[in-house]
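User: Hi! I'd like a close look at one part of this structure, with the strands and helices around it for context.

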Amino acid sequence: MTRFLSLPASIPARELAELVRRPRALAVKMLFPLAVAVPLLHSSAPGFYAAMAVTMLLATMAPLGAGAVLSRERSAGLLLRYRLLPAPPGRVGMERVLAGAGVDLLQVVPVLALVMVGRPGAAAWWPALWLGAAATLVAGNLLGALASTVTRSPGEVMLVVLLPVLPALYLAGVFTPFTDPVMGTVTRLLPFTYLHQALLGALGGATTMAPGPAAVGAGLYLSAVLLLARPVGRRLLEAS
Amino acid sequence: MTEPRGSDPAASGRPPWLPEPAPGRAAEAVPLWAEGIVRWHRGGGGVLGLDLSVGQGELVSVLGPNGSGKTTLLRVLGTVDPAQAGSVAWFGRRDRRDPAVRRALGVLLDGTAHFETLTGYQNAWFFARRFGLDPSRARERLNRLFTWSGLGEAVHRPVEEYSLGMRRRLALVEAVCHGPRLLVLDEPTLGLDWGGSVDLVEMLRRLARAGVGVVLSTNDVHLAERVGGRVVLLDRGRAIRQGTVAELLREVAGLQRLELELRAPVPLERLATQPGVEVAGVAGTTVRLLLAGDANPVQVLRGLDGHGHLLAGLRVERPHLGDAFLRLTGRTLEAGTTS
């Protein structure tokens with residue numbers, strides 16, 4: 001592991017090596033999700049609100065973080081250097097985006113662990129919880145990557161990524177559950193739904209889905225965003 | 001960055017940046033063949049219908065003023081950007097994204113970025129490994145290259161502590177570490193001190209002798225003359241003249257070059273029409289005149305016409321490649337494309 005980080009030969013290793021060389025930034029990165037989640041999970045906040053807050057945390061931190069970092073990498077010329085690597089640009093770009101998602105997942109591991117420890121009896125929701133979190137983070141990184149190709153600064157990226165994320169959170173029933181069958185169908189097609197349902201289930205809130213279908217939906221959603229990672233990665237590197 | 005510093009006595013004696021010899025290499029396709037390249041920017045500027053080839057072991061310098069299209073051209077030749085028209089082939093392959101093409105190239109662009117928090121060695125290791133070197137070869141080559149480059153003492157310092165010159169040296173190490181067979185270098189001496197520039201020229205010559213094709217861009221006429229090989233004069237996106245350094249210098253060989261340093265700009269017309277003045281160009285407060293071999297430079301000064309008190313200095317020198325450009329365009333290399 002030491003060698004893996006001291007002599008990085010891949011983009012994920014390079015990401016981690018840069019993280020560990022900045023201990024203060026690493027500490028902030030790891031503490032930030034906990035600072036949001038711990039008060040919620042260890043207070044008497046209803047499960048609905050805790051699930052909403054944690055879903056929003058994951059849904060916004062990934063695109064905002066990825067968009068800002070990739071925008072900086074673009075203006076610094078690092079994405080151009082990736083473009084010149086002797087590998088298909090889609091693969092290199094995908095590696096870069098998934099590395100970001102991997103780091104984000106490490107960042108939220110303590111939060112998800114707290115959710116699990118808080119209610120061990122809700123173990124049926126855990127597969128959906130992890131799959132939903134992974135899908136949300138990968139999707140967020142893809143969105144951030146795309147946003148970085150159409151903006152000129154990290155600040156602009158933040159505005160652009162929030163435009164689709166906030167309506168998607170609403171339509172996914174994160175703020176208020178939908179009982180209408182049409183809206184229920186729309187909800188199932190949207191990102192964040194499965195993570196939100198899994199969090200509700202794991203935190204003892206009222207769900208509109210059973211754990212099994214939620215896990216299957218999250219898994220399908222994760223597969224779909226992983227399939228999109230290559231074309232988005234190519235766009236990330238090839239955009240001038 | 002002198003070679004003796006980098007020569008590892010325990011190693012084979014080959015300079016560290018030389019590519020590995022490989023059987024059959026002599027028969028392979030020409031390293032670079034570009035025909036009718038067009039890449040034009042919306043705001044103006046770029047390359048318009050340019051033909052260029054770089055053979056094995058050939059050194060080609062693209063010389064032109066700022067804004068003449070050098071960087072645009074090098075980005076196309078370095079596989080960064082596609083040509084909008086025309087075609088480019090690297091070792092006979094036309095797909096710029098082909099990993100085999102990119103593995104054969106060493107590209108140095110003017111704004112080379114690094115991973116700032118990682119050390120110089122970690123940066124170079126990343127690129128060496130990604131370009132296909134196995135760990136033992138990467139270690140061996142990088143150790144020698146870092147010594148050769150003069151970065152040996154800074155090898156384990158984070159790049160964010162490097163100066164511009166050190167970053168450029170690191171970028172050179174990264175560009176040559178995998179043994180490319182074609183080097184594409186945009187302003188390679190940018191940020192290098194004189195010694196570094198001398199060592200770079202020596203390295204390029206030795207690479208060329210080993211069969212590596214080199215194409216570089218510069219607006220430094222002295223660099224192009226020291227590198228030797230073929231020179232392409234670029235102006236407003238077009239190659240206005242190609243030839244060896246000797247051929248281009250022969251075109252201005254019989255002339256005298258008179259450079260006037262002035263305290264303020266003066267009208268050029270009277271100077272340009274003095275007897276013996278063949279071409280006149282201006283860049284800021286510097287006036288450059290090409291005079292016939294038998295012209296008297298002192299007489300030409302009459303053309304200052306009442307502005308003689310503004311004269312701060314003058315030099316009479318042998319013409320250089322910049323004067324070939326001046327003769328062809330009526331503009332100095334330093335003036336850029338807008339004057």
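How many bridges join strand β10 of chain B to strand β12 of chain B, and do they run parallel or antiparallel?

Analyst: Happy to walk you through it; please keep in mind that this is a predicted model. Strand β10 (residues 256-262) of chain B is joined to strand β12 (residues 286-291) of chain B by six bridges, and the two run antiparallel. Within that pairing, B:E259 stands opposite B:R288 of β12(B). β10(B) also pairs with strand β13 (residues 311-317) of chain B, again antiparallel and through six bridges. There, B:E261 has B:G313 in β13(B) as its bridge partner.

Chain B also has an open sheet of six strands, ordered β5-β6-β7-β3-β8-β9, in which the pairing is mixed. Its edges are β5 (105-108) and β9 (238-244); each has a single partner strand, so one side of each is left without a neighbour in the sheet. From one strand to the next, the twist averages 15°.

α6(B) lies across β5 and β6 of chain B and runs at about 165° to β5(B). Helix α12 (residues 321-329) of chain B touches β3 (59-63), β8 (230-235) and β9 of chain B, with its direction making about 40° with that of β8(B).

α6(B) has a helical partner as well. The axes of helix α5 (residues 135-149) and helix α6 (residues 164-176), both of chain B, come within 10 Å and cross at roughly 145°. The crossing of α5(B) past α6(B) is right-handed. From α5(B) come B:L145, B:F146 and B:S149, which meet B:R169, B:L172 and B:V173 of α6(B). By class, that contact holds four nonpolar residues, one polar and one charged.

Finally, a word on the neighbouring chain. In the contact between chains, 20 residues of chain B meet 20 residues of chain A. On the chain B side, α3 (99-104) and α4 (120-130) each supply at least two residues, and α4(B) gives the largest share, five residues. This side of chain B divides into nine nonpolar, six polar and five charged residues.

Methods: Residues numbered from 1 in each chain as written. Chains lettered and ligands numbered in written order. Predicted model: local features only at pLDDT ≥ 70, side-chain atom pairs only at ≥ 80, totals over all residues. Axes fitted to C-alpha atoms, helices over the stretch in contact; angles between N-to-C directions. Helix = DSSP H or I, 4+ residues; strand = E, 2+ residues; numbered from the N terminus. Left-handed = near helix turned anticlockwise from the far one by under 90°. Contact = placed C-beta atoms within 7 Å. Nonpolar A, V, L, I, M, F, W, Y, C, P; charged D, E, K, R; others polar. Pairing = 2+ DSSP bridges.
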